[in-house]
Amino acid sequence: MDTKKIKISETTEEMTISPVSKTDEGSYKCKFGEQDGVESKERELRVEANPPKATVRTYSSTIPVGRSLTLTCSVEGSSGWKYYWYRQTTDSEALIMKDGAPNLNKAISVSEGGLYRCRGGRGDPIFFTQYSDAKTIDKIVSNRAVVTLQPNWPQIYSGETITLSCEIQEGGDTDWEYEWRTSSSNKPLKQAAYRIVRASVSDSGDYSCQGRQRSDLYSSTEWSNAITLTVSSRRPKAKLSADKTAIPVGGSVTLTCSVQESSGWKYYWYRKEKDSEPLTTQDDDPNSNKISVSQEGLYWCRGARGDSVYYTEYSDSIHIGKNVANKAVVTLQPNWPQIYSGETITLRCEIQGGEDTEWEYEWRTTNSYRPPKQNEFRISSVYTYHNGDYECKGRQRSGQQSSTEWSSAFKLTVSYKPRSVLTVSPVWLSPGASVTLSCKVEGSSAGWRFYWYKAVPKLSDNSYTYELLPGSNDGTAEGSYILHGPTHTGGYMCRAGRGDPVFYTDDSEPKFIWSGDRRSSASVTVSPNRTQHFSSESVSLSCEGNSTEWRVKRFTEGGYLTHCSPYWGSMTGSKCNINNIQFSAVYWCESGSGEFSNAVNITGQYGSLILVSPVHPVTEGDSVTLGCKSRTGPLRSNVDFYQNDKLIQNETRGEMTIHAVSKSDEGFYKCKYSEYPGTESLQSWMAVKFAVSSPTSSSLPVWLIIGLVTVILLIILLLLLCCYRKSKDPCCGRPIQSQSTNQGSTTDQREDQENGRTVLHGDAYVYESIKGSEDTENGGPAGESSESTYSSIELKNVHKKGKHVDPAESSVYSNVKIGSTTEESNVTYAQVYHQNKGKAKDNKELSTPAEIQDTVYSEVKAGTTLGP
């Protein structure tokens with residue numbers, strides 16, 4: 001910009017432009033001296049077209065009670081100003097004076113309400129800025145504003161009339177103007193009370209108010225706390241309930257009417273028709289929501305409130321009936337204490353007492369199941385969702401308003417299907433032993449019949465099928481079943497059933513019994529043939545019998561049943577090869593034709609010592625050798641053998657022999673090696689079975705036979721002595737009639753086998769044969785040269801009087817043989833006749849000897865002689 005040329009003044013250093021205008025804008029400089037005088041730098045002069053505007057700032061627009069407020073005036077973008085303050089309270093405005101002079105401070109403190117503004121001024125003459133915008137400052141008085149609602153109900157419904165009031169509390173009487181603010185779309189009038197007629201949803205919101213003094217419009221109260229108004233769009237509906245739905249005999253029913261989430265209601269009651277006149281009662285209380293009624297019928301209610309009465313919708317109706325004296329009872333068939341899922345049951349409603357009446361039935365339950373309106377209903381397959389309380393009542397067909405009371409609740413509890421539990425005793429069988437199967441149902445219940453099954457091997461899928469045991473087609477009432485001996489290895493299962501149709505429990509787990517006796521149809525052999533094996537040893541089990549297909553089964557101590565498989569063995573043909581025996585288990589064979597073999601108990605030993613004992617039962621009388629073996633081989637010295645934890649023998653050759661095994665040798669055996677203290681084998685059971693006897697052999701001990709022979713000899717000697725004393729009696733001289741025994745059969749004769757003796761029961765005789773053990777060391781079985789004790793006694797049977805019986809038809813025959821010898825037999829014969837002691841005939845004469853005689857014939861053979 002070109003420097004503006006102005007007139008040079010020689011007498012002053014200043015130049016004044018008054019008044020300055022827009023045209024005076026430009027760059028200015030000054031020069032001292034002419035031509036080459038000293039010049040100043042140029043300064044730019046800019047002139048704004050309009051004066052600047054002042055601004056009033058404050059941190060609040062209200063002056064708290066008893067406090068003051070600071071106002072600040074400023075002019076942006078310039079400096080050098082003094083500030084002039086103005087306050088307007090009415091239509092006039094006054095300059096704020098301080099000590100009689102204008103208040104020229106930038107910030108002032110005010111304690112009165114009003115309309116405040118300021119402006120700046122500077123220079124001489126004073127140049128003023130524009131006035132600031134006015135700032136309204138209210139002075140808060142100590143009075144307090146409160147909003148109230150009339151009527152003060154927590155819930156307002158569309159269509160109701162309400163009044164919001166602004167109350168100024170505390171302080172003296174003052175003439176107030178009122179101001180409202182709200183979050184609703186409604187703009188209340190500046191009045192103390194705001195009445196809303198037919199309130200709507202749009203009136204919902206927060207309402208607060210304040211009061212302003214009419215004498216000083218810049219003095220006001222604080223804004224009140226907000227009150228929240230909620231207007232519901234729906235008309236409420238009354239709810240009617242009854243403590244009973246039928247009037248008891250001689251009693252009443254209490255009805256209750258209510259409107260939820262609100263208050264202030266009066267209630268109106270109706271019977272029969274909703275548009276009828278409201279029902280009144282003798283005890284009617286308009287402020288109560290309850291009434292008592294004793295008349296049957298259909299009832300409604302509704303609520304009302306407010307000066308211009310506002311009604312709710314009518315409640316749903318309730319039918320109140322009248323009870324009769326009859327009593328309803330719920331019964332269950334079958335009435336078992338526990339019902340299981342899947343059973344068939346019938347619930348029945350029985351009406352007791354009163355006269356016979358035709359009834360309709362109604363049920364109610366605590367579950368989701370809704371029984372039909374019948375006196376009984378059958379649930380063919382009950383489940384757990386049927387659990388709950390069942391009640392019923394009867395309604396007279398002749399009058400639908402009359403019914404019984406609800407019955408007492410019958411609680412139905414349905415449990416999950418139970419399982420049968422089978423136990424067997426004994427598990428290991430003695431020869432000829434019987435087995436008892438016992439079956440129980442899990443939990444407590446009744447009415448069961450039990451079904452018994454035998455397991456049949458099914459080799460195709462390594463499972464079992466089950467066949468009913470004899471007498472089990474219709475089940476047994478008792479929970480036990482006896483398998484009469486002899487029994488063999490086999491598996492068994494049971495289940496229980498009850499009801500019509502029959503409901504069955506889940507099958508029991510199969511249980512097994514084991515016998516060590518070998519069978520021709522199926523048997524198992526073990527190689528090496530001993531019970532205990534080192535865990536590192538290989539063992540094979542071979543199946544033999546009347547089949548071409550076999551599998552080997554194992555039952556472990558832990559209760560696991562498995563077949564010979566790669567998991568623990570390998571089946572090749574009829575043989576199962578086991579690489580190592582890890583623990584004790586029972587093994588047996590099962591054939592494709594359904595046979596079970598004998599069972600063996602095999603034990604795996606991780607220790608260094610095992611007992612060598614037979615894997616199969618030992619026959620009584622046989623010889624058996626028990627050994628003790630270490631992992632390095634048989635032991636040759638200082639081995640102790642124990643039976644049932646009792647030391648029975650110390651052997652230096654590492655084994656012990658029992659030459660003639662008896663039942664007393666049965667038990668648990670183990671061995672200890674004294675050179676390795678604390679080293680002992682596991683225990684193994686050695687079973688002893690009876691020897692199979694021929695019909696003429698006896699299992700009686702020799703001492704018992706000798707005792708019997710001694711008794712018989714004493715009887716014979718007594719008879720001989722008797723004959724000697726009566727030598728003059730004809731019976732003593734009677735010839736021997738027969739040394740043979742009549743063994744002819746009779747029509748009612750029967751034969752029993754008892755402990756090696758044959759007993760024939762008939763009209764005429766008893767035959768008994770007892771044979772002792774033969775001397776096998778002196779020639780084997782007794783032959784013609786063997787000695788024996790032999791006794792034959794013949795006695796006539798004693799019959800009723802007057803009947804003749806042939807002496808040969810009645811006898812007692814006894815044959816006793818003991819250990820034979822090689823010496824010749826010595827025989828003593830004796831015959832004895834006894835006179836019959838029957839009654840005499842009419843002529844008092846005795847019968848002839850041939851008719852009354854009893855004969856005793858005795859033949860005794862001893863090892864040497866019987867004496868002189």
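**Entry 1**

I began with Phe668, which is partly exposed at a relative accessible area of 37%. The model is a predicted one, and I kept that in mind throughout. Buried would need under 20% and exposed over 50%, so Phe668 falls in between.

What stands opposite Phe668 in β68? I found Trp685 there. Trp685 also counts as partly exposed, at 43% relative accessibility.

I then looked through the aromatic pairs and found 24 in the structure. Phe668 and Trp685 form one of them, edge-to-face, with 4.9 Å centre to centre and 70 degrees between the planes. The pair links distant parts of the chain: Phe668 sits in strand β67 and Trp685 in strand β68, 17 residues apart.

**Entry 1: Strand β67**

Next I followed β67 itself. The strand covers residues 667–673, and five of its seven residues are buried, which leaves it mostly covered.

Which strands does β67 pair with? On β64 (residues 639–643), I counted five bridges to β67, in the antiparallel sense. Asp640 has Lys672 of β67 as its bridge partner. As a reminder to myself, strands of a sheet pair through backbone hydrogen bonds, either parallel or antiparallel.

Is Lys670 buried or exposed? It is buried, with a relative accessible area of 10%. Its side chain meets that of Glu680 in a salt bridge, 3.4 Å from N to O. Lys670 lies in strand β67 and Glu680 in the loop between β67 and β68, so the pair ties together parts that are 10 residues apart in sequence. Glu680 is partly exposed, with a relative accessible area of 34%.

The charges there form a network. Salt bridges link Asp645, Lys670, Lys672 and Glu680.

**Entry 2: Other salt bridges**

How many salt bridges does a search of the whole structure find? The count is 30. I looked up two more of them.

Asp133 and Lys53 meet through their side chains at 2.7 Å, N to O. Asp133 is in the loop between β14 (127–128) and β15 (135–140), and Lys53 is in the loop between β4 (43–45) and β5 (55–57), so the pair ties together parts that are 80 residues apart in sequence. Asp133 counts as exposed at 53% relative accessibility. Lys53 counts as partly exposed at 40%.

Lys139 and Glu112 also meet in a salt bridge, at 3.7 Å, N to O. Lys139 lies in strand β15 and Glu112 in the loop between β12 (107–110) and β13 (114–122), so parts 27 residues apart in sequence are tied together. I found Lys139 partly exposed, with a relative accessible area of 26%. Glu112 is partly exposed as well, at 35%.

I went back to the 24 aromatic pairs. Tyr383 and Tyr385 form a stacked one, with 6.2 Å centre to centre and 20 degrees between the planes. Tyr383 counts as partly exposed at 39% relative accessibility.

Which residues form one aromatic cluster? I listed Trp428, Tyr464, Phe512, Trp514, Phe555, Trp588 and Phe596.

**Entry 3: A five-stranded sheet**

I then traced an open sheet of five strands with mixed pairing. The order is β52-β59-β58-β54-β55. From one strand to the next, the twist averages 30 degrees.

β52 pairs with β59 (residues 596–605) in the parallel sense, over three bridges. His533 stands opposite Gly604 in β59.

**Entry 4: A nonpolar patch**

Met15, Ile17 and Val20 make a nonpolar patch of about 240 Å². Where is Val20 placed? I found it in the segment before β1 (26–28). Val20 is partly exposed, with a relative accessible area of 44%.

Terms used. Residues are numbered from 1 along each chain as its sequence is written. Side-chain values use heavy atoms; hydrogens and water are left out. Two strands pair if DSSP finds at least two bridges between them. Helices (H or I, at least four residues) and strands (E, at least two) are DSSP runs, numbered from the N terminus. Axes are lines fitted to C-alpha atoms, for helices over the stretch in contact, and angles run from 0 to 180 degrees between N-to-C directions. Buried means under 20% relative accessible area, exposed over 50%, partly exposed in between (1.4 Å probe, protein chains only). Patches are made of residues with over 30% relative accessible area and no salt bridge: like charges are joined within 9 Å, nonpolar side chains (Val, Leu, Ile, Met, Phe, Trp, Tyr) within 5 Å. Accessible areas come from the Shrake-Rupley method with a 1.4 Å probe; for residues, only the protein chains shown count as cover. A salt bridge is a side-chain nitrogen of Lys or Arg within 4 Å of a carboxyl oxygen of Asp or Glu. Rings of Phe, Tyr and Trp (its six-membered ring) pair if their centres lie within 6.5 Å; planes under 30 degrees apart count as stacked, over 60 as edge-to-face and the rest as tilted.
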